[in-house]
Amino acid sequence: MLRRITRGERAQSLVEFAFVVPMLLILVFGIIDFGLGLRAYISVSSATREGARYAAVGNPAGTFSSGGSGECNGSTTTTVVGKTCNTLKGLDLANINDVTVTYPAGKSPGESVIVEMDYEYNYITPVQRIVNFMSGGSISDSLTITARTDMRLE
(Lines give C-alpha, C1' and ligand atoms only; values in the text may rest on other atoms or scores of the structure.)
Protein backbone atom coordinates (compact mmCIF):
# COMPACT_ATOMS: atom_id res chain seq x y z
CA MET A 1 0.00 0.00 0.00
CA LEU A 2 2.75 2.47 0.93
CA ARG A 3 4.59 1.67 -2.30
CA ARG A 4 1.58 2.75 -4.41
CA ILE A 5 1.32 6.14 -2.67
CA THR A 6 4.96 7.12 -3.20
CA ARG A 7 4.99 5.82 -6.76
CA GLY A 8 2.64 8.56 -8.01
CA GLU A 9 4.76 11.34 -6.46
CA ARG A 10 8.01 10.68 -8.33
CA ALA A 11 7.87 13.77 -10.56
CA GLN A 12 6.53 16.10 -7.91
CA SER A 13 9.95 17.47 -6.95
CA LEU A 14 10.80 18.06 -10.62
CA VAL A 15 7.63 20.09 -11.14
CA GLU A 16 8.23 22.11 -7.97
CA PHE A 17 11.81 22.75 -9.08
CA ALA A 18 10.57 23.98 -12.47
CA PHE A 19 8.28 26.46 -10.70
CA VAL A 20 11.00 27.73 -8.37
CA VAL A 21 13.96 28.05 -10.81
CA PRO A 22 12.76 31.18 -12.71
CA MET A 23 12.20 33.09 -9.46
CA LEU A 24 15.54 31.91 -8.09
CA LEU A 25 17.32 33.03 -11.27
CA ILE A 26 15.64 36.43 -11.17
CA LEU A 27 16.70 36.82 -7.55
CA VAL A 28 20.34 35.81 -8.15
CA PHE A 29 20.70 37.83 -11.37
CA GLY A 30 18.97 40.80 -9.72
CA ILE A 31 21.42 40.74 -6.82
CA ILE A 32 24.38 40.63 -9.21
CA ASP A 33 23.08 43.46 -11.40
CA PHE A 34 22.08 45.55 -8.39
CA GLY A 35 25.59 45.23 -6.98
CA LEU A 36 27.24 46.16 -10.27
CA GLY A 37 24.81 49.03 -10.83
CA LEU A 38 25.47 50.34 -7.33
CA ARG A 39 29.21 50.13 -8.03
CA ALA A 40 28.69 52.16 -11.21
CA TYR A 41 26.63 54.76 -9.31
CA ILE A 42 29.27 55.11 -6.61
CA SER A 43 32.03 55.42 -9.24
CA VAL A 44 30.13 58.10 -11.20
CA SER A 45 29.33 60.03 -8.03
CA SER A 46 32.95 59.85 -6.91
CA ALA A 47 34.16 60.95 -10.34
CA THR A 48 31.99 64.08 -10.30
CA ARG A 49 33.24 64.93 -6.80
CA GLU A 50 36.82 64.50 -7.95
CA GLY A 51 36.18 66.64 -11.03
CA ALA A 52 34.50 69.38 -9.01
CA ARG A 53 37.40 69.45 -6.57
CA TYR A 54 39.83 69.64 -9.49
CA ALA A 55 37.84 72.56 -10.96
CA ALA A 56 37.57 74.32 -7.60
CA VAL A 57 41.32 74.81 -7.40
CA GLY A 58 41.44 76.60 -10.76
CA ASN A 59 42.00 73.97 -13.46
CA PRO A 60 40.47 74.38 -16.95
CA ALA A 61 37.08 72.81 -17.68
CA GLY A 62 37.79 71.08 -20.98
CA THR A 63 35.26 69.69 -23.43
CA PHE A 64 33.46 66.38 -23.70
CA SER A 65 33.26 64.29 -26.85
CA SER A 66 31.22 61.09 -26.71
CA GLY A 67 32.40 57.56 -27.26
CA GLY A 68 35.39 57.49 -24.91
CA SER A 69 37.55 59.67 -27.15
CA GLY A 70 39.06 63.13 -26.78
CA GLU A 71 39.63 64.37 -23.25
CA CYS A 72 37.47 61.58 -21.88
CA ASN A 73 39.72 58.74 -23.02
CA GLY A 74 40.88 58.00 -19.48
CA SER A 75 44.47 59.18 -19.93
CA THR A 76 44.05 62.98 -19.95
CA THR A 77 44.13 64.56 -16.50
CA THR A 78 44.94 68.17 -17.36
CA THR A 79 41.29 69.27 -17.57
CA VAL A 80 38.26 68.77 -15.33
CA VAL A 81 36.55 66.56 -17.93
CA GLY A 82 39.69 64.43 -18.32
CA LYS A 83 40.14 64.12 -14.55
CA THR A 84 36.49 63.17 -14.12
CA CYS A 85 36.68 60.45 -16.77
CA ASN A 86 40.05 59.22 -15.50
CA THR A 87 38.47 58.58 -12.09
CA LEU A 88 36.04 56.02 -13.57
CA LYS A 89 38.34 53.06 -13.10
CA GLY A 90 36.77 49.80 -14.22
CA LEU A 91 33.80 51.33 -16.06
CA ASP A 92 33.44 51.51 -19.83
CA LEU A 93 34.23 55.08 -20.91
CA ALA A 94 32.23 54.56 -24.11
CA ASN A 95 29.06 54.48 -21.97
CA ILE A 96 29.52 58.06 -20.76
CA ASN A 97 26.76 60.15 -22.32
CA ASP A 98 27.80 63.57 -21.12
CA VAL A 99 30.17 65.44 -18.80
CA THR A 100 29.42 69.11 -18.20
CA VAL A 101 31.33 71.69 -16.20
CA THR A 102 29.46 74.94 -15.52
CA TYR A 103 30.22 78.09 -13.59
CA PRO A 104 26.76 79.59 -12.92
CA ALA A 105 27.99 82.88 -11.41
CA GLY A 106 31.43 83.20 -12.98
CA LYS A 107 34.89 81.95 -12.11
CA SER A 108 35.72 84.24 -9.19
CA PRO A 109 36.65 82.76 -5.79
CA GLY A 110 33.66 81.98 -3.60
CA GLU A 111 31.38 81.19 -6.55
CA SER A 112 30.42 77.63 -7.41
CA VAL A 113 31.34 75.11 -10.07
CA ILE A 114 28.98 72.30 -11.05
CA VAL A 115 30.21 69.04 -12.58
CA GLU A 116 27.56 66.69 -13.92
CA MET A 117 27.93 63.29 -15.59
CA ASP A 118 25.48 60.92 -17.29
CA TYR A 119 26.51 57.27 -17.54
CA GLU A 120 24.58 54.51 -19.32
CA TYR A 121 24.65 51.28 -17.27
CA ASN A 122 23.93 48.16 -19.33
CA TYR A 123 22.73 45.04 -17.53
CA ILE A 124 25.38 42.34 -17.16
CA THR A 125 23.06 39.40 -16.51
CA PRO A 126 19.91 38.38 -18.41
CA VAL A 127 17.64 39.62 -15.59
CA GLN A 128 16.16 42.33 -17.82
CA ARG A 129 15.24 39.83 -20.54
CA ILE A 130 13.78 37.36 -18.02
CA VAL A 131 11.63 39.99 -16.32
CA ASN A 132 10.52 41.43 -19.67
CA PHE A 133 9.58 37.94 -20.87
CA MET A 134 7.51 37.27 -17.75
CA SER A 135 5.93 40.74 -17.47
CA GLY A 136 5.56 41.83 -21.07
CA GLY A 137 8.38 44.37 -21.30
CA SER A 138 8.42 46.54 -18.19
CA ILE A 139 12.19 47.15 -17.81
CA SER A 140 14.27 49.28 -20.18
CA ASP A 141 17.45 47.98 -21.82
CA SER A 142 19.75 50.15 -19.69
CA LEU A 143 19.78 52.58 -16.78
CA THR A 144 21.00 56.15 -16.96
CA ILE A 145 23.03 57.07 -13.91
CA THR A 146 23.36 60.80 -13.29
CA ALA A 147 25.57 62.43 -10.68
CA ARG A 148 25.97 66.15 -9.97
CA THR A 149 28.42 67.87 -7.64
CA ASP A 150 28.45 71.54 -6.71
CA MET A 151 31.61 72.91 -5.09
CA ARG A 152 32.85 76.38 -4.14
CA LEU A 153 35.78 77.84 -6.07
CA GLU A 154 38.91 78.65 -4.09
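Buried means under 20% relative accessible area, exposed over 50% and partly exposed in between, with a 1.4 Å probe and protein chains only. The model is predicted: local features need pLDDT of at least 70, side-chain atom pairs count only at pLDDT 80 or more, and totals for chains, interfaces and linings use all residues. Residues are numbered from 1 along each chain as its sequence is written, and side-chain values use heavy atoms, without hydrogens and water.

**View A. The aromatic pair of Tyr 121 and Tyr 123.** One aromatic pair is found in a search of the whole structure (ring centres within 6.5 Å; the six-membered ring is used for Trp). Tyr 121 is buried because its relative accessibility is 6%.

**View B. The open sheet β1-β2-β3.** Its three strands pair in the antiparallel sense (strands are DSSP runs of E, at least two residues, numbered from the N terminus; two strands pair if DSSP finds at least two bridges between them). The edge strands, β1 (96–102) and β3 (142–152), each pair on one side only. Six antiparallel bridges join β1 to β2 (residues 112–122). Ile 96 has Tyr 119 in β2 as its bridge partner.

**View C. Ser 66 in the loop between α2 and α3 (80–86).** Helices are DSSP runs of H or I with at least four residues. Ser 66 is exposed because its relative accessibility is 54%.

Notes: Rings of Phe, Tyr and Trp (its six-membered ring) pair if their centres lie within 6.5 Å; planes under 30 degrees apart count as stacked, over 60 as edge-to-face and the rest as tilted.
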